[in-house]
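Opening my notebook on this one.

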Amino acid sequence: MSEHDHQDVLVTDGSQASATVHFVRDNVTVRVKLGTSVLHAGLAAGLVMESACGEVCACSTCHVWVSKGQNLLEAPEEEEEDTLDKAQLIKAGSRLSCQAHIAKAGHLEVAFPPGSHLHRSH
Ligand code: FES
């Protein structure tokens with residue numbers, strides 16, 4: 001997958017409801033359409049984001065820490081919580097980025113647990 005995939009989630013003209021997502025480690029911010037997952041926001045920003053299971057909520061390699069704007073995300077389904085239980089370094093704001101879709105306009109800040117999102121999974 002190239003970093004140029006997922007560009008269709010970006011909002012550039014301000015004409016549609018959107019949210020900004022700041023990725024702390026890489027100090028990059030993107031404006032994306034509502035409904036976009038945090039994973040796809042990161043990919044659209046050109047970041048390496050791991051998603052070993054293909055975004056089917058089975059691996060937890062896409063784990064991120066949402067440090068601001070957690071209330072802008074759709075609440076986690078039970079399946080996400082079950083998979084997240086298997087991840088390392090869980091804390092408040094932990095989400096599976098493939099499952100965390102942005103539901104409301106606003107600003108989010110996303111950090112990566114140490115050692116994660118360093119290698120492409122495919
Ligand atoms: S990519 Fe596997 S749980 Fe998100």
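**Strand pairing**

I started with Val66, which stands opposite Val110 in β5. This is a predicted model, so I kept to its cut-offs: local features need pLDDT of at least 70, side-chain atom pairs count only at pLDDT 80 or more, and totals for chains, interfaces and linings use all residues. Residues are numbered from 1 along each chain as its sequence is written, and side-chain values use heavy atoms, with hydrogens and water left out.

My strand and helix labels are DSSP runs numbered from the N terminus (helices: H or I, at least four residues; strands: E, at least two). I found β3 and β5 paired in the antiparallel sense over three bridges; two strands pair if DSSP finds at least two bridges between them. Next I looked up β1 (residues 18-23), which runs parallel to β5 and is joined to it by five bridges. There, Phe23 has Val110 in β5 as its bridge partner.

**Charged pairs**

How many salt bridges does a search of the whole structure find? I got three, counting a side-chain nitrogen of Lys or Arg within 4 Å of a carboxyl oxygen of Asp or Glu.

I noted Glu109 with Lys68 first, closest N and O atoms 3.7 Å apart. This pair links distant parts of the chain, Glu109 in strand β5 and Lys68 in strand β3 (residues 63-68), 41 residues apart. For accessibility I used relative accessible area: buried is under 20%, exposed over 50%, partly exposed in between (1.4 Å probe, protein chains only). Glu109 is buried at 18%, while Lys68 is partly exposed at 46%.

Then I checked Glu80 and Arg95, whose closest N and O atoms are 2.7 Å apart in their salt bridge. Glu80 is in helix α2 (residues 78-84) and Arg95 in strand β4, so this pair ties together parts 15 residues apart in sequence. I have both Glu80 and Arg95 down as buried.

Arg25 is partly exposed at 43%, and Asp26 is partly exposed at 33%.

**A loop serine**

Where is Ser97 placed? I found it in the loop between β4 (94-96) and β5 (106-111). Ser97 counts as buried because its relative accessibility is 0%. A polar atom of the Ser97 side chain lies 2.7 Å from the backbone oxygen of Cys62. Leaving out residues up to four places away in sequence, I listed Ser97 as touching Ser37, Val38, Leu39, Met49, Cys62 and Val64, with contact meaning heavy atoms within 4.5 Å.

Technical notes:
Polar contact = N/O pair within 3.5 Å; in protein donor to acceptor, adjacent residues only side chain to side chain.
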